[in-house]
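This briefing covers side-chain contacts, starting with aromatic rings and moving on to charged groups.

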Amino acid sequence: MRPAQKIGAFTAALATSFAVAYGIGDAVNPISTETTAEMKTETAAKRPAASSTPSAPGTAPGGLQVSERGYTLDLDTPRVRAGEESELRFVVRDGRGRPVTEYRREHGKELHLIVASRDLTVYRHLHSARGSDGVWRSTADLPDPGAYRVFADFTPAAQQDGLTLGADLAVTGDYAPGNLPAPSRTAEVDGYTVALAGGLKAGGESTLTFTVTRAGRPVTALQPYLGAYGHLVALRSGDLAYLHVHPHDEVHGDAESGPEVAFSATAPSPGTYRLFLDFKIDDEVRTAAFTVRAGGDAPAATEPAPEPTGHDEAPHGH
């Protein structure tokens, strides 16, 4: 037999041997589910992430993960005691485990820290200070024991798009879960009435407009707060998915305005959401909270708010 024929025969025999060995191995000891899972995970990592929001392919609600895009929220104080002033310490780490020390400023801050109870009855928007070592510190006094979620909303200097990472926080004490307040179009806080017009639309953008009044009169002394006349956080009941919302008008300077402040928001799914509006008057920040339900279609932004059937009490806020 000529050399070329010998090589061809050897190659064919080798291929046959591999095929037979693979068939026997698969019959005797099939590929483990663990190996299959690893293969699927590796393959999935090479594909674009699935989207829960049809209008924003490749994205998902923030705050559900402690790590994303190579960044990790490292919460150094995973538990505090209810009713006591406590220090929260955390670090944002990059893909090599190093503390992140350079950020892009968004709404006047490098990082926004939000703390909310799992039953959404307690809410805090805290202002944190970062040390040169990358450790962030913030003081919090959480009144009720239970399970909480900490959200860090930031944009690393090396990134163009922002991130919201979340971590669980335990507040110790005698715990009795609260009920989510019923949906309402109005909220009362410190003598101010805040009315909501518009609503959330699942899978699409909608407009939320808040009107602030006092004793029936429009309030036109809203002060700029974090680059706008209000700051809105929306959380999904059940898993506390963190929705990014954007004010219609960003402000520069100290000019007062009001009584309306509007935002664009997208709900990733139908369901119940809790809205927390921070607004500033007389140099004091107050928080008005609303429970809303998102369906397939949101009411128009110009829809008048219905007559309230009761007031949604202000959450434990600032």
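Rings of Phe, Tyr and Trp (its six-membered ring) pair if their centres lie within 6.5 Å; planes under 30 degrees apart count as stacked, over 60 as edge-to-face and the rest as tilted. By this rule the structure holds eight aromatic pairs. The model is predicted: local features need pLDDT of at least 70, side-chain atom pairs count only at pLDDT 80 or more, and totals for chains, interfaces and linings use all residues. Residues are numbered from 1 along each chain as its sequence is written, and side-chain values use heavy atoms, with hydrogens and water left out.

**Aromatic rings**

- Tyr192 and Phe279 have ring centres 6.2 Å apart and planes at 80°, so they pair edge-to-face.
- Tyr192 belongs to strand β13 and Phe279 to strand β20, 87 residues apart (strands are DSSP runs of E, at least two residues, numbered from the N terminus).
- Both Tyr192 and Phe279 are buried (under 20% relative accessible area; exposed is over 50%, partly exposed in between; 1.4 Å probe, protein chains only).
- Ring pairs join Phe90, Tyr103, Trp136 and Phe154 in a cluster.

**Salt bridges**

- There are 12 salt bridges in the structure, each a side-chain nitrogen of Lys or Arg within 4 Å of a carboxyl oxygen of Asp or Glu.
- Asp168 and Arg149 form one at 2.8 Å, N to O; Asp168 lies in strand β11 and Arg149 in strand β10, 19 residues apart.
- Asp168 is partly exposed at 46% relative accessibility, whereas Arg149 is buried at 8%.
- A network of salt bridges links Asp76, Glu87, Arg89 and Arg137.

Conventions. Helix = DSSP H or I, 4+ residues; strand = E, 2+ residues; numbered from the N terminus.
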